Amino acid sequence: MLLSLNAVHVSIGLSHILHGVTMHVQPGEVVGLFGRNGVGKTTIVKTIAGWLRPSSGAISFNGASITGLESDRVCHLGVGLVPEDRRVFPGLTVEENLRLGLMQVGREARPAAQEKLRAVYERFPRLHERRRQLGTTLSGGEQQMLSIARTLVGSPKLILIDEPTEGLAPMIVRHIFRTIHDLRSQGIAVLLIEQNVHNALTVCDRFYAIERGQVVLEGHATDKDAVASLMRVISV
């Protein structure tokens, strides 16, 4: 098991957001996290990444507990987060943003930094064309590419991706889903939050449906009955 959440509860102030979430992700697996807005999906990925602390329950990654660890330690262990707001540093160039991602890499891997940059530029040639431009000059789709690329240069074992295609042009959406498909073929696991459920299911192995901070359904993306149940949950 690569990632495991067991009965995780999260409260923010007086609000009890997650109510005993239990789920898992296997190595090299793409898992969808679906549900209507405000049901706790983003809270789940932020808690895994160490941006929020669980009030109870346990989270393990690659066989070790990461419950309550600081976000930088979780990142160094191999968990990358592509947040919904992208978090592109506007005063830095594209390449400077990417080099920040390299800070996630252990010291012994730093000689391979240029190779890692070359690999992400091959995957996202538009970023190579704009490598000297400031983050503020990029389109929304290019900023999303940069956010994903910055996570990839850190060589994560698991990437948490929150709403990567919202508001983007169809061509960019196809590129992002193709990238997710490629990550799976390279053995990188993905936990994906996405409102475009039909498109997301084409790259997912399994999925969880979230409602009011709880897992209410788990299924395989190829199981027609499970998918039909998912559609009923998210359309209520």
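Is Phe34 buried or exposed? Phe34 counts as buried, because its relative accessibility is 0%, where buried means under 20% relative accessible area, exposed over 50%, and partly exposed in between, with a 1.4 Å probe and protein chains only. Before I go on, please keep in mind that this is a predicted model, in which local features need pLDDT of at least 70 and side-chain atom pairs count only at pLDDT 80 or more, while totals for chains, interfaces and linings use all residues. Residues are numbered from 1 along each chain as its sequence is written, and side-chain values use heavy atoms, with hydrogens and water left out.

Let me stay with Phe34 for a moment. The structure holds 1 aromatic pair, and Phe34 forms this pair with Phe207 in a tilted arrangement, with 6.3 Å centre to centre and 40° between the planes. Here rings of Phe, Tyr and Trp (its six-membered ring) pair if their centres lie within 6.5 Å, and planes under 30 degrees apart count as stacked, over 60 as edge-to-face and the rest as tilted. Since Phe34 lies in strand 3 (residues 30-34) and Phe207 in strand 9 (residues 206-211), the pair ties together parts that are 173 residues apart in sequence. Helices (H or I, at least four residues) and strands (E, at least two) are DSSP runs, numbered from the N terminus. Phe207 likewise counts as buried, because its relative accessibility is 0%.

Now to the nonpolar cores, each a set of buried Ala, Val, Leu, Ile, Met, Phe, Trp, Tyr and Cys residues joined through side-chain atoms within 4.5 Å. The largest has 45 residues, of which Ile180 and Leu192 touch the most other members, and helix 7 (residues 170-185) gives this core its largest share, 6 residues. If we leave aside neighbours within four places in sequence, Ile180 is in contact (heavy atoms within 4.5 Å) with Val30, Ile161, Val190, Leu192 and Val203. There is also a second, separate core of 30 residues, and Val10, Val25, Val45 and Ile66 are among them.

An open sheet of 4 strands has the order 2-1-4-5 with antiparallel pairing, where two strands pair if DSSP finds at least two bridges between them. Its edge strands, each pairing on one side only, are strand 2 (15-25) and strand 5 (64-65). Strand 1 (residues 3-12) pairs with strand 4 (residues 56-61) in the antiparallel sense over 5 bridges; Leu3 stands opposite Phe61, and Leu5 has Ile59 as its bridge partner. Strand 4 is in turn joined to strand 5 by 2 bridges, again antiparallel, and in their hairpin, with 2 residues between the strands, Asn62 takes a positive phi near 55°.

Finally, the helices. Which residues of helix 3 (residues 94-101) are buried? They include Val94, Asn97, Leu98 and Gly101, and because these cover an arc of only 100° around the axis, they are on the same side of helix 3; the arc is that of the directions from the helix axis to the C-beta atoms. What covers the buried residues of helix 3 includes helix 4 (113-123), helix 5 (125-129) and helix 6. Gln143 is placed in helix 6 (residues 140-152), and, not counting residues up to four places away in sequence, Gln143 touches Arg86, Val88, Gly135 and Leu138. In helix 2 (residues 71-77) we find Asp72, which counts as partly exposed because its relative accessibility is 47%.
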